[in-house]
Amino acid sequence: MIKVAPSILSADYVNLQKDIEKVDQAGAEYLHIDVMDGLFVPAISYGAGWVKAIRPITKMILDVHLMVENPERYVEDYVNAGADIVGVHVEATPHIHRALQMIKNAGAKTEVVINPGTPVEMIKPVLYMVDQVLVMTVNPGFGGQQFLPETVNKIAELNQIKKEQNLNFDIEIDGGVNNETVVAAYQAGATVAVAGSYVFGADDPAERITAIKDATK
Ligand code: DX5
Ligand code: ZN
């Protein structure tokens, strides 16, 4: 069964605590927090202050996805704010190794992220040092986009490397995930599914979390 990471990007910001409690009680393992800087992606979302505010209200794993240029400038702030996992895009910095080292040294779990147009080859040198790889299944920047099926091959490729090299990172997918699109990704080796609009766009987010889990039994 896949672990579920609801993305608060699609939550009700005015009643955020209520929405977080709903997904927490529904058994979501992670809470996914999308940070956008208006440069790496067009939109601006929220920053470390939100992580700090959310930390005391849930025990869920706080999974911070930095869609930020040169994320090494900020990774320590997010760890200090209470992030459990900090994810950095390989496309966003010439110093991916340093960015991951900084996350680890600050005391959080490390995640490297690849866009749909980026090959697995790009992150091979750092796979030994990550706790999680995030394979973007849409182009980052917005919720509510359609899952790109061609990204599934990269999940399988990563799963193969994981076995061959005896590594044990989680493989997370993000974008366009629902109870149907999750199936092929899960079969290819995905272990964590981010879902924003599918979960928070429903009257009952708990039902949607269950639907993702049931589809990957
Ligand atoms: C997209 C973000 C996602 C987003 C997913 O750039 O990284 O986490 O919230 O939204 P859905 O699940 O609606 O595609
Ligand atoms: Zn995300």
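**Entry 1: the zinc site**

Six donors count as octahedral if opposite donors are over 155 degrees apart and all others lie between 65 and 115 degrees. I note that this is a predicted model, where local features need pLDDT of at least 70, side-chain atom pairs count only at pLDDT 80 or more, and totals for chains, interfaces and linings use all residues. Residues are numbered from 1 along each chain as its sequence is written, chains are lettered from A and ligands numbered from 1 in the order in which they are written, and side-chain values use heavy atoms, without hydrogens and water.

I looked up the zinc ion (ligand 2) first. Which protein donors does the zinc ion have? They are His32 (NE2), Asp34 (OD), His65 (ND1) and Asp174 (OD), at 2.0 to 2.3 Å. Donors here are N, O and S atoms within 2.8 Å of the metal (3.2 Å for Na, K and Ca); water is not among the atoms, so sites may look incomplete.

Why is the arrangement called octahedral? The six donor atoms around the zinc ion subtend angles of 70 to 170°, which makes it octahedral. For six octahedral donors the ideal angles are 90 or 180 degrees.

Histidine 32 sits in strand β2 (residues 30-36) and aspartate 174 in strand β7 (residues 170-174), 142 residues apart. Strands (E, at least two residues) and helices (H or I, at least four) are DSSP runs, numbered from the N terminus.

Are histidine 32 and aspartate 174 buried or exposed? Both are buried. Buried means under 20% relative accessible area, exposed over 50%, and partly exposed in between (1.4 Å probe, protein chains only).

**Entry 2: salt bridges**

Next I checked charged pairs. A salt bridge is a side-chain nitrogen of Lys or Arg within 4 Å of a carboxyl oxygen of Asp or Glu. I found six by this rule.

Glutamate 29 and lysine 213 form one, at 2.8 Å from N to O. Glutamate 29 lies in the loop between α1 (16-25) and β2, and lysine 213 in helix α8 (residues 205-214), so the pair ties together parts 184 residues apart in sequence. Glutamate 29 is partly exposed at 27%; lysine 213 is buried at 12%.

Aspartate 84 and arginine 55 form another, also at 2.8 Å from N to O. Aspartate 84 is partly exposed at 29%, and arginine 55 is partly exposed at 23%.

Lastly, I looked at lysine 124 and glutamate 121, whose closest N and O atoms are 3.1 Å apart. Lysine 124 is partly exposed at 37%, whereas glutamate 121 is exposed at 51%.

Note on methods. Tetrahedral: all angles 85-135°; square planar, octahedral: opposite > 155°, others 65-115°.
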